[in-house]
Amino acid sequence: MSQANREITISILKYDPQDKTVEPRFVDYKLEETPGMTLFIALNSIRSNQDADLSYDFVCRAGICGSCGMVVNGKPVLACRTLTSTYPEGVITLLPMPAFELIKDLSVNTGKWMDEMSKRVESWIVTNEETDISKVEAKVEPKVAEEVFELDRCIECGLCLASCATKLMRPNFVGAVGLNRVARFQMDPHDQRTDEDFYELIGDDDGVFGCMSLLGCEDHCPKNLPLQNKIAYMRRKMVSVK
Amino acid sequence: MNTTKSSNMGMKKSRMPARLDYFQSGSGLILGLFMWGHMLMVSSILVSKDFMYSVTKFFEGSFLFEGGAPILVSGFAFFIFVVFIVHAFLGMRKLPANYKQYKVIKETSSTLNHEDTKLWFIQAFTGFAMFFLGSIHIYIIMTNPDQIGPYASADRIWSGWMWPLFILLLLAVEFHGTIGLYRLCVKWGWFDGEDPRKTRKTLKKVKNYLTWFFLILGFTTLGAYMKIGYDHRHNVGERYVPSTAMVYQIDKVEVA
Amino acid sequence: MKVHYCDALVIGGGLAGLRASVAAQKKGLNTIVLSLVPVKRSHSAAAQGGMQASLGNSKMSEGDNEDLHFADTVKGSDWGCDQKVARMFVHTAPKAIRELAAWGVPWTRVQEGARTAIINAKQTTITEDQDRHGLIMSRDFGGTKKWRTCYTADATGHTMLFSVANEALKHDVDVRDRKEAISLIHENNRCYGAIVRDLITGELEAYVSKGTCIATGGYGRLYKSTTNAVICEGIGAALALETGVATLGNMEAVQFHPTPIVPSGILLTEGCRGDGGLLRDVDGHRFMPDYEPEKKELASRDVVSRRMMEHIRNGKGVPSPYGDHLWLDISILGREHIEKNLRDVQEISQVFNGIDPAVEGEKGWMPVRPMQHYSMGGIRINPTGESQNMAGLFSCGESACWDLHGFNRLGGNSVSETVVAGMIIGNYFADFCANNDVEISTATISKKLEEQQTYLEGLVKGQGTENVFKIKERMQEIMDDKVGIFRDGKNLADAVEELKELLERSKKLKIASTKMHNNPELEEAYRVPKMLKLALCVAKGARERTESRGAHYREDFLKRDDENWLKRTLTSWKSDEDLEPTITYEDIDIKTMEMPPAFRGYGAKGMTIEHEDASVRQAEVDNLTKEMQAAGKDRHEIQEALMDFDLPMNYKQKNERVGD
Ligand SMILES: Cc1cc2nc3c(=O)[nH]c(=O)nc-3n(C[C@H](O)[C@H](O)[C@H](O)COP(=O)(O)OP(=O)(O)OC[C@H]3O[C@@H](n4cnc5c(N)ncnc54)[C@H](O)[C@@H]3O)c2cc1C
Ligand code: HEM
Ligand code: HEM
Ligand code: SF4
Ligand code: F3S
Ligand code: FES
């Protein structure tokens with residue numbers, strides 16, 4: 001416990017698109033590293049003690065809400081789950097995530113993109129069946145429920161988009177997050193949509209056929225979703241649609 | 001309440017993107033596997049000039065017609081050429097469409113420091129290069145089907161100054177091809193099985209071994225042709241005459 | 001001036017707000033949801049454990065029904081809850097969960113056949129029947145008679161929130177994020193919407209509506225140490241308070257959890273102790289047996305929390321830059337057990353603290369300390385969800401004091417409350433919006449807007465000397481130290497005084513940047529005074545309440561005092577000039593209770609000062625029950641005779657169960 005704490009430098013790209021008088025610039029902040037310090041703790045300390053005008057987004061600070069994606073030393077990560085001690089050089093560079101509209105400094109508008117994506121892939125149960133909620137629920141094979149849950153774990157953090165060069169080149173690409181969402185509903189027994197219906201949503205080069213299998217998504221997803229496997233699954237389903 | 005909603009009522013979305021994706025992979029698969037075969041054939045020179053000669057003759061259909069018919073090679077080359085062009089055009093859709101996109105993918109693949117993204121960048125770059133390099137080579141082969149053989153090929157490589165082109169083409173095709181086949185597997189989830197992540201690691205390993213294998217084989221072969229071509233530089237145009245025993249043997253096998 | 005008109009305005013896009021918005025939109029109302037953050041990032045996403053609903057599907061929940069759920073809830077609340085509301089709730093919960101299943105929540109399902117489970121640290125075999133295969137499964141949670149908590153692995157809140165949010169999108173609810181309500185528009189005790197700040201552009205807009213529903217969640221961040229998300233600052237409740245009209249209920253009822261990890265405050269499940277994990281102090285000594293020789297680490301949540309704090313107070317805490325803590329040691333369970341049964345705990349500990357809890361010895365110990373966890377208090381509403389004092393103002397979810405939880409809420413009852421309240425209150429709210437019109441002049445609206453504009457401009461131009469971050473930090477420290485798990489008259493009185501001082505100081509701020517948009521310090525500057533007002537409601541309410549009930553624990557008044565304190569605390573903020581809230585009380589009437597006050601069944605006995613009505617009512621209840629049973633009436637009819645309740649839609653229908 002009593003080892004001397006080292007000093008770390010956090011270098012942040014600051015830019016306020018609404019304030020054209022100041023160019024984007026890197027600002028270095030030096031602070032003492034405390035045991036178990038995450039970027040959440042570090043950034044809050046910077047805001048309270050050094051720069052009250054620093055913008056970033058945290059909500060749950062526990063790796064479950066998907067708010068805090070940023071690019072740390074080149075890699076998109078959830079900042080709240082990132083310990084400063086994982087960078088032995090003691091220099092940490094923070095950039096806002098690409099792929100999203102920049103709000104200010106490290107804050108990007110993931111919510112807007114995700115809502116549009118959800119509407120675009122109709123990310124909800126579609127069925128003509130009315131459920132009588134006073135009656136016993138429909139049975140679901142436990143294995144199937146588990147598989148759907150596995151895909152439902154996506155937290156819309158957007159790291160898969162920030163690490164997908166395809167998405168960065170082609171802003172209209174729906175990304176792994178969208179394809180995963182479709183796979184999720186495709187597998188859900190409550191959803192009555194057919195593969196033809198799903199083809200209408202993702203059967204084009206902005207959809208599943210736009211994915212170039214770069215697998216940045218798979219390798220950066222903080223929830224370890226089986227994205228490669230599920231995109232492949234959707235691709236097979238979609239090419240076999242008559 | 002819960003009516004089935006569809007983005008464009010009644011109008012069915014074109015199936016074309018699905019077909020194009022399918023054809024791109026199909027053409028890639030044909031080319032990728034063809035290149036394995038191709039490399040093994042071309043490297044027959046490493047065994048002996050005779051062997052290479054027989055292989056050539058075999059592909060000219062010597063087991064059907066006496067002496068073989070080079071037109072067969074032309075035909076086959078034409079087929080590959082078509083696949084090649086189709087693949088190239090399908091592939092080109094995926095290449096960066098403008099400088100801005102190029103910069104994005106280039107920067108991402110370096111700052112992200114992510115292997116598979118870098119691999120794609122290599123693939124795109126080599127694909128683009130092959131559009132030129134490969135076309136030249138296939139065009140030459142297609143139009144000169146009779147000029148394949150231990151001396152003819154070696155002369156073309158050395159005295160015809162094809163070797164610089166082949167160095168580039170060899171690098172390009174081996175990287176592009178093995179990465180492409182790896183990508184095909186992950187793209188369609190072919191061998192995913194129970195544990196797709198483990199499969200991917202294995203595939204990556206196999207890919208790396210294959211790249212090394214074909215590069216070493218290719219460059220040794222190229223070296224052999226260059227050596228023969230250099231030794232043969234004063235007799236360009238002369239055709240190789242095989243030792244009869246060899247032909248006999250091969251013929252016998254084929255006839256049987 | 002930007003004014004948006006809508007039929008129904010929902011402030012807050014967590015589970016409660018979103019479910020209510022679906023109710024309103026389905027009734028054809030044009031509905032807008034506002035949220036500080038993208039709605040799927042709301043704090044509801046953090047709930048891991050599960051949702052209570054008496055489905056009675058699995059072996060360990062067989063025979064469960066509304067009555068049992070009701071009894072558990074009332075006992076849990078230490079008789080502080082509104083029993084009618086509790087009835088409405090337990091009756092709708094099974095419907096809520098079935099609706100969610102149809103909306104796609106991938107509930108964990110019953111798997112037929114035998115499996116082993118650890119119950120009270122013992123391996124037990126449970127065999128599920130074939131006819132239950134594929135129905136919704138449930139697990140054990142503290143304080144319940146049956147295994148009633150339905151779940152999706154360890155991400156229940158997340159899957160629920162995503163399903164409800166997507167359902168809202170499907171029904172074209174107009175969901176707008178990064179929009180913060182900063183003041184309510186009201187006139188003549190009637191609410192007409194809110195003044196809203198766009199968190200990107202900084203622009204103020206008026207949202208004018210026929211009805212307004214606040215679903216902004218809890219106020220955990222009044223405390224320094226909390227399991228709550230950073231946005232749980234209680235602003236919604238503060239908006240109601242600042243009207244001077246609406247009241248807040250039971251703000252002093254705050255729940256603490258024994259084992260969040262330090263410093264992040266992320267929750268480590270009770271399973272750690274359930275399976276046999278130990279608590280250790282600075283010397284590595286296992287201290288719980290010294291305090292609770294019988295139950296040791298397995299004593300109830302509040303007891304363990306109190307003992308831990310006591311031990312820290314006795315100087316046995318482990319000092320750290322983040323305050324004193326204790327150790328949770330699960331390494332004794334063995335690596336295999338941890339990696340199989342406590343994987344989430346291991347992951348949290350590794351990711352956030354760099355500690356592998358499977359490593360034996362001090363290196364594998366996880367730093368823990370009890371922290372704030374849940375806010376029972378909130379905007380005081382009627383069973384229909386409408387404020388008792390302000391028409392057109394509704395509230396649901398953790399921001400409300402509907403009063404389902406009284407002085408202590410049961411695990412799993414909270415996410416359940418959010419969706420159930422979203423259904424029930426959402427429908428009453430929608431009816432209100434459909435049947436009422438906006439009767440407020442544009443002049444009034446623009447005046448409210450200008451007031452806020454002037455206020456914010458005043459803040460950035462402020463020439464004071466105070467730093468808002470420092471004030472906030474101090475407030476959070478006071479709440480931790482003096483209004484925390486242990487409470488006593490002196491500390492609470494100190495807290496009230498110091499908080500008042502902070503409130504004064506918060507009027508003299510100096511802000512570094514004068515930007516009106518996207519200025520995090522400005523946001524703090526207008527939020528912190530609101531938080532201070534809430535903190536004062538909590539502290540003063542606690543100071544006045546001279547008894548111990550549920551989570552409210554007074555060291556100087558250890559007994560639950562039904563004779564004097566069977567009542568709800570109501571706080572209001574009469575004038576802007578005031579430095580503390582005005583408190584009044586609302587009696588809880590034993591004579592109408594279905595379940596009169598008694599011993600909770602856990603904790604120490606003989607710690608109650610009884611109310612004379614309790615035994616009278618109990619006799620009445622017993623007699624009536626006996627008579628009706630003799631007359632062959634079923635449990636529904638008896639319940640109706642004892643304490644009838646209403647529900648909107650067809651929610652009153654009986655819940656079918658496979659065991660019926
Ligand atoms: C770690 C943890 C675990 C938990 N586990 C469980 C569990 O297992 N079971 C259980 O039953 N309960 C659990 N709970 C409690 C439960 O999660 C919450 O009580 C519940 O989710 C609250 O939901 P809500 O809709 O009321 O509010 P929230 O989900 O907090 O939503 C509040 C919304 O209001 C918005 N908002 C706030 N202020 C404003 C404003 N001024 N203007 C506009 N919008 C605003 C926010 O953006 C957000 O959208 C847990 C809580 C914690 C902290
Ligand atoms: C003109 C030359 C070529 C060009 C421009 C080209 C271009 C491309 C591009 C851009 C891709 C990536 C497609 C994607 O990411 O979706 C690709 C894939 C592929 N290429 Fe090529 N290529 C060429 C020649 C070849 C040759 C000669 C081979 C054989 C070795 C080959 C084998 C493959 C394979 C197997 C794939 C994977 C197919 C897929 O992803 O669907 N290509 N090519
Ligand atoms: C049917 C079509 C083809 C035929 C018949 C053919 C034949 C040959 C022959 C005979 C050689 C030896 C050198 C020479 O004679 O020029 C050769 C070399 C080579 N070919 Fe092809 N080729 C074909 C298609 C391709 C394609 C599509 C590519 C890749 C794009 C390719 C890449 C190469 C390379 C890299 C070499 C040099 C190999 C070495 O020296 O190691 N060829 N080919
Ligand atoms: S798929 Fe993974 S990386 Fe992408 S948004 Fe979902 S959780 Fe984040
Ligand atoms: S990184 Fe992008 S290209 Fe496909 S495999 Fe993932 S979406
Ligand atoms: S703040 Fe929620 S994931 Fe990081």
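Me: How do the residues of the shell around ligand 5 divide into nonpolar, polar and charged?

Reply: Ala, Val, Leu, Ile, Met, Phe, Trp, Tyr, Cys and Pro count as nonpolar, Asp, Glu, Lys and Arg as charged, and the others, Gly among them, as polar. The shell, taken as residues with a heavy atom within 4 Å of the ligand, includes A:Phe173, A:Met212 and A:Ser213. The division is 7 nonpolar, 3 polar and no charged.

Me: What is this model, and how are residues, chains and ligands numbered?

Reply: This is a predicted model, where local features need pLDDT of at least 70, side-chain atom pairs count only at pLDDT 80 or more, and totals for chains, interfaces and linings use all residues; side-chain values use heavy atoms, with hydrogens and water left out. Residues are numbered from 1 along each chain as its sequence is written, while chains are lettered from A and ligands numbered from 1 in the order in which they are written.

Me: Which residue forms a salt bridge with C:Glu203?

Reply: A salt bridge is a side-chain nitrogen of Lys or Arg within 4 Å of a carboxyl oxygen of Asp or Glu. In this pair the closest N and O atoms are 3.5 Å apart. C:Glu203 lies in the loop between strand 9 and strand 10 of chain C and its partner in strand 1, so the pair ties together parts that are 201 residues apart in sequence (strands are DSSP runs of E, at least two residues). The partner is C:Lys2.

Note on methods
Helix = DSSP H or I, 4+ residues; strand = E, 2+ residues; numbered from the N terminus.
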